[in-house]
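Please consult the sequence and the coordinates shown here.

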Amino acid sequence: MSRPDYTLHRPFFLTGIAVTLTAGATWGAILLLRIAQSHSFTEPSIFAVNAHGQAQIYGWVGLFVLGFAYQMFPRFQGIPLPWPRLAFLSLGLMTGGIVARSFGEAPRIAPLALAGVAAQLAAVLPFAAVMVRTLRAPGRTRGAHEPYILAAVAWFVISTAFDLFHLARLLAAPDAKAVFAQVATFQLPLRDFQIHGLAMMMIFGVSLWYLPKLVGSAPPSERRARALWLPLQLALTAEAGLFITFMRTRQMPWVFAMWGADVLFAACAAALVLGLHLFRPVRFPDRSLKFLRGAQVWLLLSLAMRVAAPFWAALLGKGFSHAWYGATRHAVTVGFISLTIVGMASRLMPMLAGLDPRKLTALRAPFLLLNLGCAMRVLFQVATDLTPRAFPLAGISGVLEVTGLTIWGFHLAAVMLGRVRQPVAAPEELVTV
Ligand code: HEM
């Protein structure tokens, strides 16, 4: 019998690490230092900021989602990967798209940037086809994880198409006023589709499916997960739709309705994540557990901050606080999403390489640096609303986060490239599915 392929995810993960250590987190840290030096969040142009945003969303989150899903989902289903060539097609298109946007977006080379986002959309479509075929394979059991993963795939397609529309309008904007109007109306919904839709739904689906097997946590309630799915999708759609309606009409009732949608989303996401029982004792604790638990704390904090956003703005006598919004977004992207990626990969990658993660480094330095960096970012970015003295402390946070990601990234690359040796069992015995 031929041995299953345990290497498919590697080019996706290695490229993801390379992207975040260059155009993603590292470029973000440089932007943050510029912001700290100038005491202004608008010092870097929106195109420079969005070049970082796209690298993190498609390169860091997207490539890890693609690699994990192509490698693990068919395996969980007990079927071969459908249309395996499409996996490599989407890797090539996604990488090309990220590179094109990284070079094309900030200097506003419109054809290059637009070709980049078109390539990203072209990468997501075959991925969606393979995922639908994998998850809907005949004769497979249908768990509560399935609608979450299908929703994540749908949000991936929707958000990338929306990104194409948004970027085309931004690049075509004749002046700074038109750029501002486009960003003010459409950028927040785009981020909601990407972060609450693609990333969060995928993490929820994978956690429901795989976390009890991976770390030995108590199984989540299928009934609760199924009951929360529709309110989450409706709240997310409403968050985005009501925000655009408010920006178009400027009538206050839409703001209250939008806040209601934020509260509903936060309550459902919190109920779901608390139902994963990760804070109870688990059967297979290892170095990944602290990342996964930390991620959940950051998620709860970011949800609370999102709900509290209008109160903070009201306290300051403003309509909107850029600092609070940026801090909230990085509590979820660095705190929740990135710690989850780091935690899951730190456990799974050694197992797929035939190594026992319990016998490897505990990754304490990346854990401390990422959490300290994230805490400083959230705290001091918010504090910039009160005093300009908080800017340098917010600025340093990016350097700490990038250092943590670099240490972890080099370790994980060494594991994947076979540079870490350990005489233990074959992958078949280590991968618990
Ligand atoms: C690891 C360290 C990171 C640093 C130093 C960093 C830095 C920054 C900075 C300086 C900005 C512009 C200022 C602001 O709006 O607050 C920004 C925006 C952004 N970041 Fe990050 N970031 C990091 C990680 C991430 C991650 C992990 C993600 C996604 C998974 C992400 C996604 C975004 C997005 C989408 C924006 C654009 C926000 C918008 O719509 O205005 N960042 N980041």
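Two residues are in contact if their C-beta atoms, placed from the backbone, lie within 7 Å. The model is predicted, so local features need pLDDT of at least 70 and side-chain atom pairs count only at pLDDT 80 or more, while totals for chains, interfaces and linings use all residues. Residues are numbered from 1 along each chain as its sequence is written.

Reader: Leaving aside neighbours within four places in sequence, with which residues is Cys374 in contact?
Author: Cys374 lies in helix α11; helices (H or I, at least four residues) and strands (E, at least two) are DSSP runs, numbered from the N terminus. Once neighbours within four places in sequence are set aside, the contacts of Cys374 are Trp298, His330, Ala331, Val334, Gly335 and Glu401.

Reader: Is Cys374 buried or exposed?
Author: A residue is buried if 20 or more other C-beta atoms lie within 10 Å of its own, exposed if 12 or fewer, and partly exposed in between, with C-beta atoms placed from the backbone. Cys374 has 26 C-beta neighbours inside 10 Å and therefore counts as buried.

Reader: How are α10 and α11 oriented to each other?
Author: Two packed helices are described by the angle between their axes and the distance between the axes. Axes are lines fitted to C-alpha atoms, for helices over the stretch in contact, and angles run from 0 to 180 degrees between N-to-C directions. Helix α11 (residues 364-383) packs with α10 at an angle of about 165°, and their axes are 8 Å apart. Angles under 35 degrees count as roughly parallel, over 145 as roughly antiparallel, 65 to 115 as roughly perpendicular and the rest as oblique, and α10 and α11 are therefore roughly antiparallel.

Reader: How many nonpolar, polar and charged residues form the contact of α10 with α11?
Author: From α10 the contact includes Trp324, His330 and Val342, and from α11 it includes Pro366, Cys374 and Arg377. Ala, Val, Leu, Ile, Met, Phe, Trp, Tyr, Cys and Pro count as nonpolar, Asp, Glu, Lys and Arg as charged, and the others, Gly among them, as polar. By these classes, the contact of α10 with α11 holds 12 nonpolar, five polar and one charged residues.

Reader: What is the handedness of the crossing of α9 and α10?
Author: Helix α9 (residues 287-316) and α10 pack at about 165°, with axes 8 Å apart, and are therefore roughly antiparallel. A crossing is left-handed if the near helix is turned anticlockwise from the far one by less than a right angle, and right-handed if clockwise. The crossing of α9 and α10 is left-handed.

Reader: How many residues of each class does the contact of α1 with α12 have?
Author: Helix α1 (residues 10-38) packs with helix α12 (residues 391-416) at an angle of about 165°, their axes being 9 Å apart. That angle makes α1 roughly antiparallel to α12. The contact of α1 with α12 has 19 nonpolar, seven polar and two charged residues.

Reader: Which helix supplies the largest share of the shell around the ligand?
Author: The ligand is surrounded by 24 residues, of which the closest are Gly28, Gly53, Gln56, Gly326 and Gly398; a residue is near a molecule or strand if its C-beta atom, placed from the backbone, lies within 6 Å of it. At least two residues of the shell come from each of α1, α2 (46-77), α6 (176-215), α10 (322-352) and α12. The largest share, seven residues, is supplied by α2.

Reader: With which residues is Pro189 in contact, leaving aside neighbours within four places in sequence?
Author: Pro189 is placed in helix α6. This proline counts as buried because 21 C-beta neighbours lie inside 10 Å. Apart from neighbours within four places in sequence, Pro189 is in contact with Ala240, Phe243 and Ile244.

Reader: Is Trp83 buried or exposed?
Author: Trp83 lies in the loop between α2 and α3 (84-104). Its phi is positive, about 40°, although Trp83 is not a glycine. With 12 other C-beta atoms within 10 Å, Trp83 is exposed.
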